[in-house]
Amino acid sequence: MQPIAAPLLQWFYANKRLLPFRQEPSAYHIWVSEIMLQQTRMTAAVPYYNRFIAALPDPAALAACPTDALRKLWQGLGYYNRVNNMQKAARIVCEQYGGELPADYAALRALPGIGDYTAGAIASIAFGLPVPAVDGNVLRVFARLYNDDADIMTPAARRLFTGRVIDQMPKDTPGAYNEALMELGALVCIPGAPHCETCPLQPLCQGCAAGRADKLPVKPAPKEKRTVPVTVALISSEQGLLLQRRPAKGLLAGLWQPAAWESALTREQLQAELEKLGVHATLGESLPPAKHVFTHRIWQLGGWQGTAPAAPLPAGYVWAAPNQLAEVYPIPNAFAAYRTLWP
């Protein structure tokens, strides 16, 4: 493979998107943006990024943020373990590194929630260290460049591709090179049918020359997700909507949700479960069926609306007033289908 850095960087400087974290590419800004973008599209992530940085402008603010307030800032992005780990890492940064992310790949990699890719992105873009940042975009670009059928999900293939990324890396501009590869994968060398006609690397691309670019990269078929029925009780009182805190560990750990059970309850069974909580509800209309897809499972949601007197509640349950629903309690997008139905 001939050197790719020169045409790649020329294209990048002319075509890169004007993104907020590129305007002020501090290590903290890059860290926040990269964690958000792990499971979120750029167009969706930017408003969240701006709001997050405005509220928590540095690691010290992130470290000190109350848990529910932090999750409320993250609400809508999903995969809340990302922000939980960010706060753990921010506290370590404040305790061990004086409140600034360390300019060292190994030290970054040792922080909670920071893997090889994120450590590489921070180290190269913020600190100019010659280390790779290999994500799905970069793997796709290199699978096509080298017309390589290796399964990119295997450790051996990732090591091979990472070696190629390093071999092509210009030592004086590693951050721009890594960003350019990510940008090329996001805008031109996209999944499915790539835009080979506008690609700066098209003359060098072996996959394009072989007419196979759209067949690459090779990945195993995804595993079938397990379907789980969830019965939701959307119960309102004069004090607000009945909310339940999820367990401290596991799926959606520590978030708040409308009272729900991961089983298919009948109307009578749901009424009985509410009675156990001291909630004497009158159930009305059934909720429209809804679905939420997680990484390894699918929730099939249903249930009933209802009203109840504002009785005292056991630990882990609250009546949430409308302003508290909007500002205080972080509620996952899994229940977004019913958001218009609560107070």
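This is a predicted model: local features need pLDDT of at least 70, side-chain atom pairs count only at pLDDT 80 or more; totals for chains, interfaces and linings use all residues.
Reader: In which sense do β1 and β7 pair?
Author: Parallel, over eleven bridges. β1 covers residues 226-237 and β7 residues 297-307. Strands are DSSP runs (E, at least two residues), numbered from the N terminus. Pairing takes at least two DSSP bridges.

Reader: Which residue is the bridge partner of L234 in β7?
Author: Q305.

Reader: How many bridges join β6 to β7?
Author: Four, and the strands run antiparallel. H292 stands opposite W299 in β7. The two strands form a hairpin with three residues between them.

Reader: And what about β5 with β7?
Author: Antiparallel, over three bridges. L283 has G306 as its bridge partner in β7.

Reader: Switching to helices. At what angle do α10 and α11 cross?
Author: Roughly 85°, with axes within 10 Å. Helices are DSSP runs (H or I, at least four residues). Axes are lines fitted to C-alpha atoms over the stretch in contact, with angles from 0 to 180 degrees between N-to-C directions. So α10 is roughly perpendicular to α11 (65 to 115 degrees).

Reader: Which residues of α10 make the contact?
Author: V138, L139, F142 and A143. α11 brings R158, F161, R164, V165 and Q168. Contact means heavy atoms within 4.5 Å.

Definitions and conventions. Residues are numbered from 1 along each chain as its sequence is written. Side-chain values use heavy atoms; hydrogens and water are left out. Angles under 35 degrees count as roughly parallel, over 145 as roughly antiparallel, 65 to 115 as roughly perpendicular and the rest as oblique.
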